[in-house]
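Hello,

Here is the structure we talked about. Please open it first, then read the notes below.

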Amino acid sequence: MGELKSTERLDRREKTILVGVLLSDGEYSHEDPLDEIRGLAKTAGLVVVGSMLQKRQHVDIATYIGSGKVAELKELVEAHEADLVVFDNDLGPAQTRNLERILGVKVIDRTEVILDIFATRARTHESHLQVELAQLEYAMPRLKRMWTHLSRYKGGIGVRGPGEKQLEEDRRLVVHRIQDLKAKLGKVQARKEREVAGRSDTPSVSLVGYTNAGKSTLMNALTDAGVFVEDKLFATLDTRTRRWRLGGGGQVLLSDTVGFIRNLPHSLVASFKATLEEARQADLLLHVVDASSPEAEMQIRAVKNVLEELGLADQPTILVLNKADRVPDRSFLDVLKAHHHDPITISAAQGDGIDRLELAVRESLHERSLDAEIETGVENGRVLAYLAQHAQILNRVYDEEDRVLLQCRLPRRCLEFLYENGADVRENGQRLYA
């Protein structure tokens, strides 16, 4: 059996028409509804030659945009001699097939562009596995030319596959490969959880935010990490962790994570859970926002939606309004500050506001830690090992009843584990309960 290959890559030479359907329940840029998909197309290396917008209450079942707009789109494609049509919406398999048949060119949707960008930017073995899983789960109902042993094709998305006779074999191969990838990623995530949970008592902070909000620039400003920075969407995918030495003493482990985006494909969110383990285990999140963007509020909501999907909605978070040096009008910042609790305004590129951010981080971490006395049996190796990994042990006293009393400084998030494993925890002589 030939080598397995996930979805094809976009042909960087393809002339592209962008299509956006503005639905009544959707959320779009008021200034330029196609701004984000245009940025995605640019990041994917496509050549945008035209665009079309449509407002609809409901999508057309057959073609998404209806027969009249399809005819208009066909004229646009022919006028520009386009090779590709990209929808800023998620199309169903039947809608894609119908559009391709009528238009005579390849048709892809927003999700497929994002998946292609992720495939291009993946660098590590882990991120390659994650992207391939997301691609296959997206492609499963579409079965688009996924295996090199079935056909040979030229570059680009949309070239037709080997035919109906292969569909059942394709399905069997896809299901098998998905199961294999999930098993491998399950091991990766379990290992990542052990690595993150098994670190020393150093507090951890993770950068999260909309793609291109300036997280990597901030990472470099705080740690001299040398993280790749580019003015494109999804410039980095892989999490990097560095030591951040705070002004006034102390240090934290700072992690830069993959950027989020509006309507981020669910398959990507699921497959990247291992990569986002740093954020899941962090004591504090720094939600970095491009304050100069007219769509800053929408981007904040998009990030919060993804965090909620990851189970991180209640994670301690500081909102960081970045790119203050690029804000066209001070009122942008005033509006954001009025709508959100205690945001910190900075310019990572200029280094402005970093001292205020460091102070806010120190204060937030201090609020979420405590000095406590922890008593347990000397045979309770589970608790003792956990404290050795997660707490700063200041003193240790053994008594004649095989009990040990430890004076510790530790994050409050550790208390639940201690309660569940039989430890007695006191703060200032008062017993603490879960």
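**Salt bridges**

The side chains of Glu-132 and Arg-177 meet in a salt bridge, 2.9 Å from N to O. A salt bridge here is a side-chain nitrogen of Lys or Arg within 4 Å of a carboxyl oxygen of Asp or Glu. Glu-132 sits in helix 5 (residues 125-139) and Arg-177 in helix 6 (residues 167-197), so the pair ties together parts 45 residues apart in sequence. Helices (H or I, at least four residues) and strands (E, at least two) are DSSP runs, numbered from the N terminus. Both Glu-132 and Arg-177 are buried. Buried means under 20% relative accessible area, exposed over 50%, and partly exposed in between (1.4 Å probe, protein chains only).

A note on the source: this is a predicted model, where local features need pLDDT of at least 70, side-chain atom pairs count only at pLDDT 80 or more, and totals for chains, interfaces and linings use all residues. Residues are numbered from 1 along each chain as its sequence is written, and side-chain values use heavy atoms, leaving out hydrogens and water.

Arg-177 also forms a salt bridge with Asp-180, with the closest N and O atoms 2.8 Å apart. The two are three residues apart in helix 6, so about one helical turn separates them. Arg-177 has a relative accessible area of 16%. Asp-180 is partly exposed, at 27%.

How many salt bridges does the structure hold? It holds 20. Another one pairs Arg-262 with Asp-88, at 3.5 Å between the closest N and O atoms. These two are 174 residues apart. Both Arg-262 and Asp-88 are buried.

Best wishes
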